[in-house]
Amino acid sequence: MVERINPDRLGILGGDDDDIKAFIESDFKIRSGMCPNDCGLLTPISYGQECGKCGFSCNTHAQLKPQ
């Protein structure tokens with residue numbers, strides 16, 4: 001089960017609470033194997049994941065097992 005990062009553990013230089021919330025949601029989706037742009041599932045690739053619809057890619061693998 002993927003958990004959201006605790007917002008008390010984050011800070012964004014020059015950012016505000018909305019920026020922190022956006023980062024937490026994007027991180028949660030990526031670690032869950034979902035595109036942060038709401039396209040659907042990401043495809044696993046050798047170095048991470050990518051979206052076939054919008055072209056988003058990252059070097060983070062989905063967390064398929066509890067961490």
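Hi everyone. First, some ground rules. This is a predicted model, where local features need pLDDT of at least 70 and side-chain atom pairs count only at pLDDT 80 or more, while totals for chains, interfaces and linings use all residues. Residues are numbered from 1 along each chain as its sequence is written, and side-chain values use heavy atoms, with hydrogens and water left out.

As for confidence, pLDDT is the predictor's own score for each residue, from 0 to 100. The protein chain averages 92, and 97% of the residues score at least 70.

Now let's look at α1, residues 17-31. The expected span of a helix is 1.5 Å times one less than its number of residues. For the 15 residues of α1 that gives 21 Å, and the end C-alpha atoms are 21 Å apart, so the two agree. Just after the helix, G33 takes a positive phi of about 85°.

Which residues of α1 are buried? They are I20, I24, D27, F28, I30 and R31. Here buried means under 20% relative accessible area, exposed means over 50%, and partly exposed is in between, with a 1.4 Å probe and protein chains only. Seen down the axis of α1, the buried residues fall within an arc of 165°, so they line one face of the helix. That arc is taken from the directions from the helix axis to the C-beta atoms. If you want the general idea, an α-helix has 3.6 residues a turn, so residues three or four places apart point the same way. On the other side of α1, D18 and K21 are exposed. What covers the buried residues includes strands β2 (48-50) and β3 (57-58).

Next, salt bridges: a side-chain nitrogen of Lys or Arg within 4 Å of a carboxyl oxygen of Asp or Glu. How many does the structure hold? It holds three.

One of them joins E25 and R4, with the closest N and O atoms 2.7 Å apart. E25 lies in helix α1 and R4 in the segment before α1, so this pair ties together parts that are 21 residues apart in sequence. E25 is partly exposed at 32% relative accessibility, and R4 is partly exposed at 46%.

Another links R31 and D27, at 2.8 Å from N to O. Both lie in α1, four residues apart, which is about one turn of the helix, and both are buried.

Then K29 pairs with D38, where the closest N and O atoms are 2.6 Å apart. K29 is partly exposed at 22%, whereas D38 is exposed at 59%.

Last stop: I12, in the segment before α1. I12 is partly exposed, at 36% relative accessibility. Leaving aside residues up to four places away in sequence, I12 touches D19 and I20, where contact means heavy atoms within 4.5 Å. The C-alpha atoms of I12 and F23, eleven residues apart along the chain, are separated by 9.5 Å.

Conventions
Helices (H or I, at least four residues) and strands (E, at least two) are DSSP runs, numbered from the N terminus.
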